Amino acid sequence: MSSVAVKEDNALKVSRANCAKNTVVDVKGCSIGGEEIVVIAGPCAIENEEVLKETAFKVRALGATILRGGAFKPRTSPYSFQGLGVKGLEILAKVGESLNMPIITEVMDTEEVSLVADYADVLQIGARNMHNFSLLKKLGQLNKPVVLKRGLAATIEEWLYAAEYILAGGNSQVILCERGIRTAETWTRNTLDLAAVALVKDVSHLPILVDPSHATGVRSLVTPMAKAAISAGADGLMVEVHPEPEKAWSDGEQSLTPNDFNHLINEIKPVVKASGRRLSL
Ligand code: PEP
Ligand code: MN
């Protein structure tokens, strides 16, 4: 099917044909998909309360409105740190509450959906699970925002159909997230597909975020790609930040320090303005 066909297909809930107005998802008073650009930040994985608290406090003060952190981590190797699980969810909820920040975290398993939903304000479906239709169907039954990351090598059409699974189940609070796709390139972790951002905005009414951290895997590329993402029409960013990236338990090489994050916010400000948007603060 062509993008034009998807755009005009009013049988598809994701399609622009069904909704000329952009969908705006409310996360505890923070709007995603409207005029405001939302910045989600935090560590790749929740390691302990102290590190999360320090990170959250700093990113909040610098302009992030939603706190991220993984408790269930989809690691390439089964021997790598798999996340703190329930303990991580407890820490994330506690820190989020203490700073009045909504929280987002990944759910990997259908059996853990209700558990994760008890703690999180937004549930994340990771790239590796974009094709997990049982999980998509389960999230379709929730009344909670879902961030749906693009699969590692998914086409835009497959990604939008994955979103359709959630919408079809009755949950309309879907936020897409472009996080790079696998290409022939090896100098970056993934290839950020910015055309997908502009294209999705054209064919669908759903909000779309960009994750320049996983899209590049390289700290120095995160800020330039964050600026490019906003220029391309993204409704927000999801960025990994760690107080001491060299000591991070996962994804240290792509994590920004709080200082780097401050620089990112300063760099995106004029781009946000030039795009006719404003930062959600
Ligand atoms: C993440 O955001 O923590 C993550 C694992 O990302 P992705 O699913 O995009 O690889
Ligand atoms: Mn990560």
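The model is predicted, so local features require pLDDT of at least 70 and side-chain atom pairs count only at pLDDT 80 or more, while totals for chains, interfaces and linings use all residues. Residues are numbered from 1 along each chain as its sequence is written, chains are lettered from A and ligands numbered from 1 in the order in which they are written, and side-chain values use heavy atoms, with hydrogens and water left out.

**The whole chain**

Begin with the entire chain in a cartoon display. Its secondary structure comprises 10 helices and 11 strands; helices (H or I, at least four residues) and strands (E, at least two) are DSSP runs, numbered from the N terminus. The radius of gyration is 17 Å, close to the 19 Å of the globule rule for 281 residues, so the chain is as compact as a globular protein of that length. This radius is taken over C-alpha atoms, and the rule is 2.2 Å times the number of residues to the power 0.38. The C-alpha trace spans about 50 × 45 × 40 Å along its principal axes.

Of the 281 residues, 55% count as buried. Buried means under 20% relative accessible area, exposed means over 50%, and partly exposed lies in between (1.4 Å probe, protein chains only).

**Ligand 1**

Next, select ligand 1 and the residues around it. The surrounding residues are Arg68, Lys73, Pro74, Glu106, Gln124, Gly126, Ala127, Arg128, Lys149, Arg179 and His214, where a residue counts if one of its heavy atoms lies within 4 Å. This shell divides into 2 nonpolar, 3 polar and 6 charged residues. In this division Ala, Val, Leu, Ile, Met, Phe, Trp, Tyr, Cys and Pro are nonpolar, Asp, Glu, Lys and Arg are charged, and the others, Gly among them, are polar.

- A side-chain N or O atom of arginine 179 lies 2.6 Å from a ligand oxygen.
- A backbone N or O atom of alanine 127 lies 2.8 Å from a ligand oxygen.
- A polar side-chain atom of lysine 73 lies 3.0 Å from a ligand oxygen.

Taken alone, ligand 1 exposes 290 Å², of which the protein buries 97%; these areas come from the Shrake-Rupley method with a 1.4 Å probe.

**Helix α7**

Now select residues 194-203, which form helix α7; Ala196, Val197, Val200, Lys201 and Val203 are buried there. These buried residues pack against α1 (3-8), α6 (156-168), β8 (174-178) and β9 (208-210). At the N-terminal end, aspartate 193 caps the helix, with a side-chain oxygen 3.4 Å from the backbone nitrogen of alanine 195.

**Threonine 105**

Proceed to strand β5 (residues 103-106), where threonine 105 is found. Threonine 105 is buried, at a relative accessible area of 1%. A polar atom of its side chain lies 2.6 Å from the backbone oxygen of glycine 69. Beyond neighbours within four places in sequence, the contacts of threonine 105 (heavy atoms within 4.5 Å) include Gly70, Leu89, Val116 and Gln124.

**Two loop residues**

Most residues other than glycine have a negative phi. Select lysine 28, whose phi is positive at about 45°, in the loop between β1 (25-27) and β2 (30-32). Then select aspartate 251, whose phi is near 55°, in the loop between β10 (236-240) and α10 (258-274). Is each residue buried or exposed? Lysine 28 is exposed at 65% relative accessibility, whereas aspartate 251 is buried at 13%.

Note on methods: Polar contact = N/O pair within 3.5 Å; in protein donor to acceptor, adjacent residues only side chain to side chain.
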